[in-house]
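These are notes for a colleague who is opening this structure for the first time. Please keep the view at hand while reading the points that follow.

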Amino acid sequence: MRIKCPLCGERDRREFYYVGDAVLLERPDPEAGDHAWDTYLHLRDNPAGVTRDLWYHEAGCAAWVVVTRNTVTHEVLKTELAEKRRRKLVEGAS
Amino acid sequence: MVELVAKSPCGGRLPVEHGASRLSEVAMTRLTSLQPKQGQEKALSQALKSAHGMVFPAPNRATGKEGARAIWIGKGQAMLVGPEPDAGLAAHAAMTDQSDAWAMVRLEGAAAENVLARLVPVDLRQTVFKRGHSVRTMLQHMSVSITRISDEAFFILAFRSMAGTLVHDLETAMKGVAARR
């Protein structure tokens, strides 16, 4: 599998470290309640198909990258800097 | 009083030459990492240009020349190699002295590309990786920064603690390439 780092370009998967579901960027408000926090911390989908997760470009530029990929075909559909994704979330866009 | 002796990172292992490639150590100089403060990227680039004659490098690039280079080494980070950093840069960037923390080597010769092709999972051929291009990637299992400084020469930065492994891996590949000529 090859992942396109938004800064470095297409690189071997060995350069990256898997960090988990990209939902980690959508941290709920501290007062959001037990249900929201339980969901955020523990409930994960395990899709056979398109998923979106965080990868850390460990052996490269050290950027955190949101990777949209297909778990069945191993196709990488889209990559984006986590920083940008987070900024969009904060500004209210999707 | 104890007499302290400065030792170079590759300590006597270099230079070596095998076939059409030669590996030598670049003498330790001043290394400073520059991390622009938020929104200060342009101001830092201008300050760097007036103080040291080179702009802040874009991702995968290096600026400057022999003796004073700025090499992109990661997201929002460059390494100033050579000069004592101008104090004025501190207004626009977080600066950290990294001298002696890295090993610096120069790999050159007609076979240099083929040597790196055995170790690095990135295409470093002249057609796509030209002078002034730089990458952060792996050499075997080690994190390195590789910059092309001329048509047949590469400048490699690796962590000092890995200097022995760096020289061993490069020399093994150099011998392998030389044996196939």
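1. In this predicted model, K88(A) has a relative accessible area of 33% and is therefore partly exposed, since that value lies between the limits of 20% and 50%. Its side chain meets that of E80(A) in a salt bridge, with N and O 2.6 Å apart, and E80(A), at 10% relative accessibility, counts as buried.

2. R69(B) is buried, with a relative accessible area of 12%, whereas E66(B) is exposed, at 61%. Both residues belong to a network of salt bridges that also links E17(B), R22(B), R106(B) and E108(B).

3. R125(B) forms a salt bridge with D123(B), the closest N and O atoms lying 2.8 Å apart, and D123(B) counts as partly exposed at 34% relative accessibility. Over all chains, the count of salt bridges comes to 18.

4. Turning to chain A again, F16(A) is found in the loop between β2 (9-12) and β3 (17-21), and at 4% relative accessibility this residue counts as buried. Beyond its neighbours within four places in sequence, F16(A) is in contact with I3(A), C5(A), R11(A), W55(A), Y56(A), H57(A) and E58(A). The C-alpha atoms of F16(A) and I3(A), which are 13 residues apart along the chain, are separated by 8.4 Å.

5. Helix α3 of chain B (residues 163-179) has 17 residues and should span 24 Å at 1.5 Å a residue, which agrees with the 24 Å between its end C-alpha atoms. Its buried residues include L166(B), L170(B), M174(B) and V177(B).

How values were computed
Residues are numbered from 1 along each chain as its sequence is written. Chains are lettered from A and ligands numbered from 1 in the order in which they are written. This is a predicted model: local features need pLDDT of at least 70, side-chain atom pairs count only at pLDDT 80 or more; totals for chains, interfaces and linings use all residues. Side-chain values use heavy atoms; hydrogens and water are left out. Helices (H or I, at least four residues) and strands (E, at least two) are DSSP runs, numbered from the N terminus. The expected span of a helix is 1.5 Å times one less than its number of residues. Buried means under 20% relative accessible area, exposed over 50%, partly exposed in between (1.4 Å probe, protein chains only). Contact means heavy atoms within 4.5 Å. A salt bridge is a side-chain nitrogen of Lys or Arg within 4 Å of a carboxyl oxygen of Asp or Glu.
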